[in-house]
Amino acid sequence: MRRVRVDSVPVGAKLARTVFSSDGGVLLIQGVELKECYLELLSKRGINEIYIEDDLSEGIEVHDVVNENTRNEAVALVRDIMTGYSFSDAVDVEHVKAIVNRIVDELLANDDILYNLTEIKTVDDYTFKHSVSVCILSIITGIGMGFDTTQLRELGLGAILHDIGKLCIPREILKKPSQLTMEEFEEIKKHTILGYELLKKSGQLCLASSYIALGHHERYDGSGYPFRLKNEEIQIYARIAAVADVYDALTSDRVYRKKLKAHEVYEYITSLGIHHFDPAVVENFVRFVTVYPVGTGVLLNTRERAIVVRNNRKLPTRPLVRVVYDENMKRRTKEIDLSEDTSIFIVDTCEI
Ligand SMILES: [Fe+2]
């Protein structure tokens, strides 16, 4: 399978992964042949990318680091909470704890974690899916930093609820499609303090988990908010969630801007590491995140076009690729392990 833009789907391709609507219902089921009317429906629902199965990508598997059902259940739970008007009940927290513990268990049972961008978000379901991705990315980083199970659970729980304070922000500001005014931005910034207070009041989370809501917009160089804390003044869980939050936000389409390519975000995170983020966190984060996710189309310096088949942990910019078109756009099929052939390298991602 491979990931393509909806407007670039070739005739006869089959859908490789079920597409869900923003309210969690099935929109198109895996295996269906993609007709023009289906693609129009996807575009109308704000779905810009899908996974397809075609002869170019036959045999290429895209794996998520957690089970698809676990991720979907977590997204549904966050949707229930974030579309509710209050976060009062302890039952909610018990459910969230249970799903976070499952995510921790699945990740710990995974011998070779490599995070591929698998989630496809729309503008409407962004918040829910983003919360779950931030949770998963934070736990993965925590594993890299040697945290024990209790710490990973605390980290995951705080990370999945990091934006809970947005429940207290007027919806018209949160959903505003144009640029925010200074006053509106000041209002949005309050979601950190409000979220922290909400979680503390619930009495269901330890203080360290609740601090993630408060500190995930603080920046290592003191340029963040709400308190402009610096370096180790920012609690470690919040320093981890900050990287996960920015990475996932930049790799997603938003109302006010298009997403960046995965490798551009990777470069952004690593170059800003010394300013905005804790360098030790960034170091662990990038160990587990792929630069070129499996199923991505890439352009090589030979002007050949290829699809990423498998990543190479030691050389993250040099995956195994399948060349599908030569420099004259003639069909080819050969696989090149870029970790072995150093004369060939990826210059950009591309649609195939
Ligand atoms: Fe936030």
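**Briefing: sheets, cores and domains**

Valine 298 faces threonine 349 of strand E10, the two standing opposite each other. This pair is a handy way into the structure, which is a predicted model. Strand E10 pairs with strand E6 (residues 297-300) in the antiparallel sense, and three bridges join them. The protein as a whole has 12 helices and 10 strands, and its domain assignment gives three stretches: domain 1 (2-57), domain 2 (68-288) and domain 3 (297-349).

**Overall build**

- Over its 352 residues, the protein has a radius of gyration of 20 Å, close to the 20 Å that the globule rule gives for this length, so it is as compact as a globular protein of that length.
- Along the principal axes, the C-alpha atoms fill a box of roughly 60 × 45 × 40 Å.
- Of the 352 residues, 41% count as buried.
- Among contacts with a separation of 6 or more, 64% come from residues 24 or more positions apart.
- The centres of domain 2 and domain 3, taken over C-alpha atoms, are separated by 33 Å.

**The five-stranded sheet**

- If you trace this open sheet from one side to the other, you meet its strands in the order E9-E8-E7-E6-E10, with antiparallel pairing.
- Strand E9 (331-337) and strand E10 (346-349) are the edge strands, each pairing on one side only.
- From one strand to the next, the twist averages 35°.

**The three-stranded sheet**

- A further open sheet has three strands in the order E1-E5-E2, again with antiparallel pairing.
- Its edges are strand E1 (2-5) and strand E2 (14-15), and each of these pairs on one side only.
- Strand E1 and strand E5 (residues 49-53) run antiparallel and are joined by four bridges.
- Within this part of the structure, arginine 5 stands opposite glutamate 49 in E5.

**The nonpolar cores**

- The largest nonpolar core holds 72 residues, and the members touching the most others are Ile103, Cys135, Ile136, Ile139, Ile160, Ala241 and Val243.
- Helix H10 (residues 236-250) is the top contributor to this core, giving 10 residues.
- Why does this core lie between domain 2 (68-288) and domain 3 (297-349)? Both domains give residues to the core, so it lies between them.
- Isoleucine 136 is in contact with Val65, Val66 and Ile103, leaving aside its neighbours within four places in sequence.
- There is also a second, separate core of 17 residues, and its members include Leu15, Tyr51, Ile52 and Ile120.

**A closer look at serine 133**

- Serine 133 is part of helix H4 (residues 126-144).
- Is serine 133 buried or exposed? It has 27 C-beta neighbours inside 10 Å, and a residue needs 20 or more to be buried, so serine 133 counts as buried.
- Not counting residues up to four places away in sequence, serine 133 touches Glu119 and Asp248.
- Valine 75 is 58 residues away from serine 133 along the chain, and the C-alpha atoms of the two are separated by 9.2 Å.

Notes. Residues are numbered from 1 along each chain as its sequence is written. This is a predicted model: local features need pLDDT of at least 70, side-chain atom pairs count only at pLDDT 80 or more; totals for chains, interfaces and linings use all residues. Two strands pair if DSSP finds at least two bridges between them. Axes are lines fitted to C-alpha atoms, for helices over the stretch in contact, and angles run from 0 to 180 degrees between N-to-C directions. A nonpolar core is a set of buried Ala, Val, Leu, Ile, Met, Phe, Trp, Tyr and Cys residues joined through C-beta atoms within 7 Å. A residue is buried if 20 or more other C-beta atoms lie within 10 Å of its own, exposed if 12 or fewer, and partly exposed in between; C-beta atoms are placed from the backbone. Domain bounds come from an automatic or database domain assignment. Two residues are in contact if their C-beta atoms, placed from the backbone, lie within 7 Å. The radius of gyration is taken over C-alpha atoms; the globule rule is 2.2 Å times the number of residues to the power 0.38.
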